[in-house]
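Welcome to a short tour of this model. Please have a look at the sequence and the 3D structure below, and then we will walk through some local features together.

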Amino acid sequence: MQPADLAIDLRQLVITIAHTVDLVGVDDVLHGRRVGMLARELAIFMGWPEAEQQLLYDAGLLHDCGVSSTRVHHRLVVDLEWSGAEEHCVAGQDLLADFAPLAHLAPIIRYHHSRWEWLAQQTQLGDTARFANLIYLADRVDVLAAPYHADQTVLSHADEIRSRLADQRGCLFSPALVEAFEKFSEGEAFWLALQPDWVQQYQREMETHGTLQVIDWAQFKQCAEIFARIIDAKSPYTQRHSRGVSRLARHLAERLGLDTVTCEKIEVAGLLHDIGKLQIPDEIIEGPNALTPHEFDIMKSHSYATLQVLKRLPAIEEIAHWAAFHHETPDGHGYPFHIGGTSLPLEARIINVADVFQALAQDRPYRKPMQPAEIMAVLQERADRGQADPGIVALVAADLANCHRVALCMD
């Protein structure tokens with residue numbers, strides 16, 4: 001049994017993934033959307049077919065889906081060329097290659113940091129070479145322009161940026177693409193369009209562009225697994241966390257006798273619950289000491305960000321709230337919404353307990369993994385203080401060994 005009433009608009013799903021990936025930028029969450037816009041507009045300028053224009057917009061939105069680390073993201077948006085760039089290209093390809101609705105983007109993402117002088121010799125790549133190179137060019141245009149958005153001096157630096165990219169004609173970039181870029185970017189409008197208000201307006205226009213395509217629950221669940229892989233790749237200390245929470249939450253829901261459709265939804269909410277954590281700097285996630293009050297305030301933002309990202313998909317509103325409420329507690333003193341009592345759904349309470357259990361069972365930079373009995377003691381203390389649902393904690397106590405196995409994805 002599956003939630004047959006949920007039909008997900010693929011266009012909205014692509015933009016939701018883009019929002020998720022862009023969170024890694026922390027202070028600049030529009031990079032992917034600017035790259036998508038630039039790639040599409042350059043394709044239009046060169047007279048490429050409309051299908052290719054849409055393909056390039058989507059590839060631009062998702063080109064950095066293999067990046068989860070804020071440290072890696074910083075390198076990618078600072079250096080014109082970076083020797084470690086290929087790793088995230090391969091990761092991005094691997095994420096999308098088996099997801100049929102977006103698999104056609106995987107080869108473009110794989111080669112979007114490859115030099116043209118190499119791509120031009122790879123005859124087997126066909127159109128992928130020019131598509132990937134256009135994404136690379138759009139990406140580097142945005143990287144070079146980004147420092148000047150805040151003080152609105154990008155026009156003053158436009159010629160400098162154009163010259164620097166033109167110097168890479170035939171090396172990093174196709175001569176034909178550089179020529180088109182030089183002509184198109186002569187107008188001030190090319191650079192003014194990179195301002196946040198206009199990028200967001202462009203995105204809104206693109207949300208209804210093209211033919212409506214709907215994916216079913218099975219495909220959305222597969223995509224939720226992709227989200228989880230992006231999230232869990234953020235740090236060695238978060239590997240398998242989203243998947244562990246998802247599996248344990250479903251296990252507990254089944255033990256409570258909830259119907260299969262609800263269990264399916266809870267499993268997906270578990271996969272998605274930490275989307276907002278992508279915006280938390282790596283230094284906080286991997287800090288060797290307990291969080292300072294300021295760091296904890298930053299950490300509290302991640303649940304709110306999860307809801308804001310998932311709200312783009314109206315069909316999963318219920319799931320979005322269960323995911324975003326994973327730090328809410330029955331006493332109403334959780335964060336960031338302070339929802340408690342009868343207002344806190346059972347499904348969110350389940351994910352809360354699963355989240356705490358899985359986190360304690362994993363290694364962290366400031367402590368070793370806890371043993372099942374130690375985890376149980378923490379959960380019981382939380383239940384006694386009103387910070388966890390006592391019925392769900394009792395269920396864990398009665399099935400402790402299995403819960404530990406499931407939380408560590410050992411089943």
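Predicted model: local features only at pLDDT ≥ 70, side-chain atom pairs only at ≥ 80, totals over all residues.

Residues are numbered from 1 along each chain as its sequence is written, and side-chain values use heavy atoms, with hydrogens and water left out.

**Residues in loops and helices**

Leu102 sits in the loop between helix 5 (86-96) and helix 6 (106-110). Helices are DSSP runs of H or I with at least four residues, numbered from the N terminus. Along the chain, Leu102 is 63 residues from Ala39, and their C-alpha atoms are separated by 18 Å.

Is Gln124 buried or exposed? Gln124 is exposed, with a relative accessible area of 61%, and you will find this residue in the loop between helix 7 (116-119) and helix 8. Arg385, in the loop between helix 21 (372-384) and helix 22 (390-398), is partly exposed, at 44% relative accessible area. Leu310 belongs to helix 18 (residues 301-310) and is buried, with a relative accessible area of 1%.

| Pair | Apart along the chain | C-alpha to C-alpha |
|---|---|---|
| Gln124 and Asp22 | 102 residues | 31 Å |
| Arg385 and Asp331 | 54 residues | 8.1 Å |
| Leu310 and Asp151 | 159 residues | 31 Å |

**Helix 1**

How far apart are the end C-alpha atoms of helix 1? They are 18 Å apart, and this agrees with the 18 Å that the 13 residues of helix 1 (residues 10-22) should span at 1.5 Å a residue. The expected span is 1.5 Å times one less than the number of residues in the helix. Helix 1 is largely enclosed by the rest of the structure, because 13 of its 13 residues are buried. At its start, a side-chain oxygen of Asp9 comes within 2.9 Å of the backbone nitrogen of Arg11. As a piece of background, an α-helix has 3.6 residues a turn, so residues three or four places apart point the same way.

**Helices that cross**

Next, look at helix 3 (residues 50-62) and helix 8 (residues 127-145), whose axes come within 10 Å and cross at roughly 50°. Axes are lines fitted to C-alpha atoms, for helices over the stretch in contact, and the angles run from 0 to 180 degrees between N-to-C directions. Helix 3 and helix 8 are therefore oblique to each other. Angles under 35 degrees count as roughly parallel, over 145 as roughly antiparallel, 65 to 115 as roughly perpendicular, and the rest as oblique.

The axes of helix 14 (residues 241-255) and helix 20 come within 8 Å and cross at roughly 130°. That makes helix 14 and helix 20 oblique to each other.

**Cysteines**

How many disulfides are there? The count comes to zero, where a disulfide is a pair of cysteine sulfur atoms within 2.5 Å. The sulfur of Cys89 has its closest cysteine sulfur in Cys65, at 9.7 Å, too far for a bond. For the sulfur of Cys263, the closest cysteine sulfur is in Cys403, 14 Å away, which is also too far for a bond. Cys89 is buried, at 1% relative accessible area, and Cys263 counts as buried at 1% as well.

**Backbone details**

Most residues other than glycine have a negative phi, and most peptide bonds are trans. Tyr335 and Pro336, however, are joined by a cis peptide bond, with omega about 0°. Pro336 lies in the loop between helix 19 (317-324) and helix 20 (346-361). His338 is placed in the loop between helix 19 and helix 20, and its phi is near 55°, a positive value in a residue other than glycine. Gln152, in the loop between helix 8 and helix 9 (154-166), has a positive phi near 55°. Gln152 is exposed, with a relative accessible area of 64%.

Technical notes:
Helix = DSSP H or I, 4+ residues; strand = E, 2+ residues; numbered from the N terminus. Buried < 20%, exposed > 50% of the residue type's maximum accessible area, 1.4 Å probe, protein only. Polar contact = N/O pair within 3.5 Å; in protein donor to acceptor, adjacent residues only side chain to side chain.
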